[in-house]
Amino acid sequence: MTAPSPQRPASSATSTRHALPIRELALFGGLALVVLTVFATMGPAYSTRMLVEASCYAILALGLTIQWGYAGQFNAGIMGFVALGGFSATFFSIPVNHAFWASDLPGRLGWVLLAMVVVTAIVFGISRLDRIGVPKLLRTILAIVAGLVGYLVVISWLRSVTGDIESQVEFIGGLGLPVWLGWIVGGALAGGVGYFIGHICLGLRSDYLVIATLGIAEIIKAFLKNSDWLTRGTATISPLPWPVPDPGEVGFLTARALYLSVTVVMIAVIFFLLHRAYHAPWGRMIRAIRDNEVSAAAMGKSINRRRQEIFVFGCILMGIGGAVLTSFNGLFDPQGYLPLNHTFLVLVMVILGGPGNNLGTLFGAVLVYVIWIMSGPMALAVMHAIVALGSHWFDWQPGNLDSRALQARVFVIGLLILLVLRFAPRGLIPEKVAHHN
Amino acid sequence: MNELIYFFNYVVVAGSVTGCIYAIGAVGVTLIYSILRFAHFAHADMMTLGTLAVLLLTLAFPHAGDPLGLPTAIVMLPVAMAFTSLVAVGIDRAFYQPLRSHGVKPIVMVIASLGVTLMLQGLIRLFAGTGSQNLYVDARKEIFRIDVPGVTRPIILTEPQVILFVITIVAVVGLHLFLTRARLGKAMRAMSDNPDLARASGINTRLIITLTWVIAGSLATIAGTLLSLDVAFKPDLSFFLLLPIFAAAIVGGVGHPYGAIAGGFLVGFAETLAVFNWSVLLRPLRDSLPTWLELPSNLALVGTEYKIVVPFFILVAVLIWRPTGIFKGKVI
């Protein structure tokens, strides 16, 4: 950790300034060409959908680029924050379940939540007993026993209430509020979880953050998948309302184009804010902490506070991006959140595009998403060709071909991560480190 | 007494089984950590890869174990261990070695290991599909019932569980002897203590790194195969195994092989105790309890579907109160 990272050599190409950013122009020109080709071959409705999804992923990627690129914190649990945002968007936007609110169940659920708060308060109070002279060991034992008993009581009440909800009214339904409110709350929820994780891990080695985020993502997914009373679990919720007119009202292409304009405006706002933050003293301080923690601390910067800030900030963006993505898909399916699609794809976007460079991240997001979407049919075609050869030569007959072909993409994503780390560790559009002589 | 036997079967045996597997996995993680200084996230997939090798060999020679009276999978284990070690060394040479020689930060190595995870996952599912398969091809698990005098319920042990305990003990004792007695083992410990000093005193660090991968690959194969023998081969377990294994390694103190073993058992027993339904044990007391205290039928701390929460909370608790682990790991 102490050796200066050779990833960012001091003699980077930033000292020679071109009048025109040729590299960026060429790359974005190529990207535009690729997108136009997709438009020409796959039709405008399909391609617009692809662009909307790519723009949602761009929000996720911007979230990761500030964590990994600006501050060097790696988050391996993007999927969890996406799922949390998606849940919030769903919960706020779907219609109210009148059967639930007409029954006595909301009251009982409220009592359980109240009991939860009371138990937490009691345990917290007991854990402070040492202030009034109770021996520490006794306090610890008391707190653990009280916590255990209280937890068991509350959880058994909760089980009975949620069981009744599932059997009587299926699930608690939504709030019937505008979608954008759900998006904002989704960001806040993700930020809250990010605060909790960051509070525990950010003072420690960076590896621990990876493990913890990986774990919390699986826990969030398990919770959403198994809480049938809250999310209908594997039964999924659809359709989800859009903030713009539905395809049913104005046709697929117009509706998707309107949605695209919403996401583009969001990206523009986020991009502008990030750009300002990056070039502000705050951004310099974050980079100073990333590049040399010891000297930043010596300059009186509060390392853990700043790290916490940026981690929460990135998680908020991930929550918002996940909410927008889920609303667009029109389906809330907790099992549809996969580490591959929602964590590692975003990782590839960021490290390929250029960590720490917002423009590069946007470029990476769109490019990787287009490749990802197109690689499905391509993988199938390649697989069919291989199997045709295989059965011709060796009489090889594998089953469930399609799912296996899709697994081949996992391999390619992994290989891509390793190749980029090896041969282009700073991405296609590297971060420009300003030097002031 | 019946309740105690039930407790023994469902907590002591099940907890030891899980504990053994986590312990062997965590030892591998912690060894890689102490030599190469990064958290190797591809370890769970190396376990799956080793198991896949065992499965393929078992499918190819389903009756190889019959003369020895052992399951074929156990007979094939050494071959699969050699294969997985070879793959592990190959991965190191192809992907980690170049990054290491560039002197990247440890977190970049972690990301590289995530890339390796994905590659292995893709390959494994390409060849094995995603469904679960039984490692007992053309054979049946033997079940031993031990009757305890005076009790109707017997103690139940299965053949793979017995094999698991034996192999774990052999592996742990073997590793201990290797690390304390063998020349290479001592060199390995020296390198984990201080790589520069080890190199300066003439230890071949390249050889030590290769050896680390061989040991890690072999241990991963053992852990994966024993897990699959006990339940079934599931190609998509990896992220669910990673968290308990890393929790075990961190609880025991990172870079501390004996701590990893203790941590593995701690996490394994904690998981088992948390999903155990305690009301079964309290059932004999039910008649003597006051009427106002009615016991709910389900007193498990967490449902089986939330099992993964347990290692996570152990991890969080350790990171908050004792980030160095129980046995004081080297580095944080």
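1. Helix axes here are lines fitted to C-alpha atoms over the stretch in contact, and angles run from 0 to 180 degrees between N-to-C directions. The model is a predicted one, in which local features need pLDDT of at least 70 and side-chain atom pairs count only at pLDDT 80 or more, while totals for chains, interfaces and linings use all residues. Residues are numbered from 1 along each chain as its sequence is written, and chains are lettered from A, with ligands numbered from 1, in the order in which they are written.

2. In chain B, the axes of helix α1 (residues 2–36) and helix α8 (residues 205–230) come within 9 Å and cross at roughly 165°, helices (H or I, at least four residues) and strands (E, at least two) being DSSP runs numbered from the N terminus. That crossing makes α1(B) roughly antiparallel to α8(B), a term that applies to angles over 145 degrees, whereas those under 35 count as roughly parallel, 65 to 115 as roughly perpendicular and the rest as oblique. The crossing of α1(B) and α8(B) is left-handed, meaning that the near helix is turned anticlockwise from the far one by less than a right angle, with clockwise giving right-handed.

3. The residues that make this contact (C-beta atoms, placed from the backbone, within 7 Å) include Val17(B), Ile21(B), Gly25(B) and Leu36(B) of α1(B), and Ile208(B), Thr212(B), Ala216(B) and Asp230(B) of α8(B). By class, the contact of α1(B) with α8(B) holds 18 nonpolar residues, three polar and one charged, where Ala, Val, Leu, Ile, Met, Phe, Trp, Tyr, Cys and Pro count as nonpolar, Asp, Glu, Lys and Arg as charged, and the others, Gly among them, as polar.

4. Chain B as a whole has twelve helices and two strands, and its elements run, from the N terminus on, α-α-α-α-β-β-α-α-α-α-α-α-α-α. Its radius of gyration is 21 Å, close to the 20 Å that the globule rule gives for 332 residues, so chain B is as compact as a globular protein of that length; the radius is taken over C-alpha atoms, and the rule is 2.2 Å times the number of residues to the power 0.38. The C-alpha atoms of chain B fill a box of roughly 70 × 50 × 40 Å along the principal axes.

5. Among contacts in chain B between residues at least 6 apart in sequence, 75% join residues at least 24 apart.

6. Chain A has 17 helices and zero strands. Its radius of gyration of 25 Å is close to the 22 Å that the globule rule gives for 437 residues, so chain A is as compact as a globular protein of that length. Buried residues make up 38% of the 437 residues in chain A.

7. Within chain A, helix α2 (residues 44–70) and helix α15 (residues 339–353) pack at an angle of about 65°, their axes being 9 Å apart, and this crossing is right-handed. Among the residues making the contact are Tyr57(A) and Trp68(A) of α2(A) and Met349(A) of α15(A); nine residues of the contact are nonpolar, two polar and none charged.

8. Contact between the chains takes 46 residues from chain B and 44 residues from chain A. On the side of chain B that touches chain A, the largest share, 17 residues, comes from α4(B).

Key:
Two residues are in contact if their C-beta atoms, placed from the backbone, lie within 7 Å. A residue is buried if 20 or more other C-beta atoms lie within 10 Å of its own, exposed if 12 or fewer, and partly exposed in between; C-beta atoms are placed from the backbone.
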